[in-house]
Amino acid sequence: MQRGILLLAYFFFFINSCAQLAESRGQYPFVHYTPKDGLVNSRVRKAYQDSKGRMYFLTYGGLSVFDGARFNNYTTQQGLANDLVNDILEVGNDSLLVATNSGFYLNVLVKGKIGKLKMGRETLPVINQFYRTEKGEIFLSSDNGLFLLKNEKIIELDVSSLPGNGQAFPYLGDISGSDNYIAISTNELKGHQGLYLYDIKNNRICDALPDARVYLLGKDRDNNIWISTSEKLLILDSIALAKGKISLVPPVHGYHQAKDYSTPNVAFDRGCIWFIHRNEDYRNEDIHRIEENGSLLKIPLPEQATSSDIKNVLIDRENSIWICNDGEGIFKIISSPLRIFQNPLGQSMQSQTDNVYYVNDITWYNTNNYKLFRKSDKKLEQFTCNVKQAPVVFYEGPGLLMAADYRNIYEASFTHQRFISFRKIISLSDPDYFGNTQILENGKTILSGQKNTVCIWQNRQAVLRLPVSNNDGVEKIFLGKDNWVWFAKRHTGIDVYSMHPENSSQYLLPVYRFSREQLNGSIRSFVIDKTGLIWVGTRENGLTAYRQNGNSLNQLYHFTISNGLNDNFVTSLACDSLNNIIAGTQTGLDRIICEGNLYRIENLTKSNDFFAYIKKVWVDADNQAYALTNTGVILQIAPPSQDKEKKYTPELLLEEIRVNGKSVPTDKRNFPHKENNINFIVAAPSFVDEKRVAFSYLLEGSGNKNWSDTSSVNSVINLTNLSAGNYTLKVKAFFPSTSYAPAELSYSFEITPPWWQTVLFRLVVASLVMGLLILGSRYYYNRKLVSQRRLLEKQQAIEKERTRIATDMHDDLGAGLSRIKFLSQSLANKDINDQTSKTALEKITDYSDEMTEKMGEIIWALNEKNDTLADLVAYTRSYAVEYLANHNIECKAYTPLNLPATFIPGELRRNIFLAVKECLHNVVKHANASEVNFSVELNGVIQIIIHDNGKGIDWNNRRLSGNGLQNIEKRMNEIKGKVGFINEHGTKVFLSVPLAL
């Protein structure tokens, strides 16, 4: 579908105005931009749109770039060669040539920055207009002649045959062309006199109309070059043009009707042409849109534009009309699908529409002055009737008209006479009244909703009454498929009945009942769409779509103010043939557009700053939707475009990046750690209610996984005090006033860490720390080794000293004790009569033996050669056997056969031995035992078990003064051992000492 048809879908509501809504001029919303809104200057010469959708306005005071969110202005202060901007041309991605009224240099606008185009020459001609051929060559018209821009050089072309008329320069202005020929006119400095044809191949002027006063308007989509004279619109004959000749002929096809127009402003669109139409006094009157097939659409101009000097007209990609004025700024006529008829029944009828009935391309209007109007596809008719307050029509059939008021139903013979005579056929008595009324069978069966009843009327009689709960009401009677009738009730839910015309008393039989609990709120409107989806509008909770599943309703969609609906009070619903839902609310009109399995809200009235209570909505056979407000205004809504391929979709643009308040290139991706306060300025160039475009963003990498609230303020995204790391900024633009899908943008960047947080620095620090740890460890272990060496040396010295003491004791004390023993025995063996002396000698001998024995034990404990586990076990076992044998007690010893040579310090050996010795002494002294079992076990500890068969320990009668057991416990505690005593057929003693085997 061509863009001309797209535009027709938005504007072509009123081509046959008399047959539609009387001869009434509907309102088109427009917006006026001036310097107050940010425009650089009110004298606007031309509008231009680039491939990304931005609008450029060339003024006498600079260049304004409008992206929908803001105006960015450029003057000589920003680098323009001159504030008077003549033309602009896009030559690359975000790259444009800018020609000012200066002969110094050409400007370039690259990614929002003004620069100079280096041309290799000191001065340039004053360039008035660019023209790019189909081959991509760029020609320049200038005050000084015609030039070619090639490889950043300006090449002067031969136009020497142009008549000078005494002028120093040719002052070339508008330029256009086709194939190998370029048409050129002169500018205002030469009074727009002369039309010339340049031959590109031969580099010469090949034909001319030097005396013609013309405006070269440009080229349409069919490659026709349009010319305007003082009273005519003409085109260059294509056949003559191909031969290098100028021949002016009237426009062809449907454009022929514009041949007598007088206008210097034309905009070319696909399949149509737009004109600023002027009256006989050369006053701007309105905009004419002529299609190739001849269809004419007239759009009234804003009052301020009718008397202004219009310099240029542009139709943008959204089919909005931009009108550039010399002094009045810019007017934008919005390409809204909505058209507003404040007085739909004609200016002569100062009446308000109260009710509407539509069926089969016929619309009946009731007014507040009690008149009836009937609109068909051919004409609008006005009627009066015999009823003081004209009833509301609810049925028109062959020759029959039916209508109802609060308490009566009427019928009338209808023959299109200006007077309708209604006759009353059904009346209700107070307090009953009629609500919704439907015809079920060609005017024979009437279905009516009343105060507390739903009735079926046949032959003026009520044949069936279905009660309605008290204080409830039937808000909507809907005739659905399968011969079902749906009753949407305000408070108690929805009832579904099947129709059975063959039985009057059972005309309606219940099928389903959906309770209020299954619904979102109190019902005020109801419709079933083409797919069977049930749409319910409520008083307080918006609009909900349900899918029926037997006796239940499954909610699929829910629309409220929070997700874009005008208002939560939905007053009326309708469905068009494209399955879009038209929703009237108490504040305006919305369209819920079906896109596959998804729906998108289009705010029809809010985007046009129109707010009203919608009483009723309906859709005609041409899929044109309508709405009636409570003030009698009729709203007309064009169907949404179905041209998926050609449909314009705005881009989301990253317009500028500011770091710490300074602008940086938008392709910059890495920022030092000090540049962590970043402002991203975005825009989505859509100019249909651009102030309502909302933005939301998510910064991945920040730890926040929630999108920001949608707000137009968010077109400037402020990110402050960002930590070092990798980020991805995701932005979405939402277009609540249009059906555009959200536009998205993604920008990845990195905040580099400071040098002390870099990986290299951390590696260096880690290496230093590791080095220090290694050095510290070496120092610690060296000190420890020194300490251990000293301790070992000390211990060795002690052991050596112990060995020396043991040796000295053995050699010296042992010899002395042996001598004492020998002498005492010698004396004892002599015949000594003194018994006392003899007894003393015997004691000396016994003491000597005892001292020798104890000294042997001390020497054993001191001698370092005995510091092993094997020596301890062997010595202790030997002592136990010998000691017990000396006291006539049998000793059974059990020790391991293989004993490890584990080192045991002398102090430990001594305490273990003395504890064993004390145990054996107690056996001999107190146990009265005849046998002792002595065993040694090794299991992480050395455990010595001494078990006698004596009388055991009498714990109750134990002598408190005895120190034997306390000594054993004390010695075991000193070496961190344990001791246990058990009476078990004698006494069983456990000596346990931890030992690293």
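Modeller: Let's start with a term: two residues are in contact when they have heavy atoms within 4.5 Å of each other. Helices (H or I, at least four residues) and strands (E, at least two) are DSSP runs, numbered from the N terminus. This is a predicted model, so local features need pLDDT of at least 70 and side-chain atom pairs count only at pLDDT 80 or more, while totals for chains, interfaces and linings use all residues. Residues are numbered from 1 along each chain as its sequence is written, and side-chain values use heavy atoms, with hydrogens and water left out.

Now for helix H9, residues 964-974. Gly964, Leu965, Ile968 and Met972 are buried there (buried is under 20% relative accessible area, exposed is over 50%, partly exposed is in between, using a 1.4 Å probe and protein chains only). These four sit on the same side of H9, because they cover an arc of only 100 degrees around the axis; the arc is taken from the directions from the helix axis to the C-beta atoms. Why does that work? An α-helix has 3.6 residues a turn, so residues three or four places apart point the same way. What do the buried residues of H9 pack against? Their partners are helix H8 (906-927), strand S69 (978-983) and strand S70 (987-994). After H9 comes Lys976, with a positive phi near 60 degrees.

Just after H7, Asn888 takes a positive phi of about 60 degrees.

Strands tell their own story, so here's the rule: two strands pair if DSSP finds at least two bridges between them. In strand S48 (residues 534-538), five of the five residues are buried. Ile534, Val536 and Thr538 point one way, and Trp535 and Gly537 the other. On one side, S48 pairs antiparallel with strand S47 (residues 523-528) over five bridges, and Gly537 is the bridge partner of Ser525. The S47-S48 hairpin has five residues between its strands, and Gly532 in the turn has a positive phi of about 90 degrees. S48 also pairs antiparallel with strand S49 (residues 543-549), this time over four bridges, with Ile534 opposite Tyr546.

Thr605 lies in the loop between strand S54 (598-603) and strand S55 (614-619), and it counts as buried because its relative accessibility is 0%. Leaving aside neighbours within four places in sequence, Thr605 is in contact with residues including Leu338, Asn566, Phe610 and Leu635. The Thr605 side chain also reaches the backbone nitrogen of Leu589 at 2.8 Å.

Key
Polar contact = N/O pair within 3.5 Å; in protein donor to acceptor, adjacent residues only side chain to side chain.
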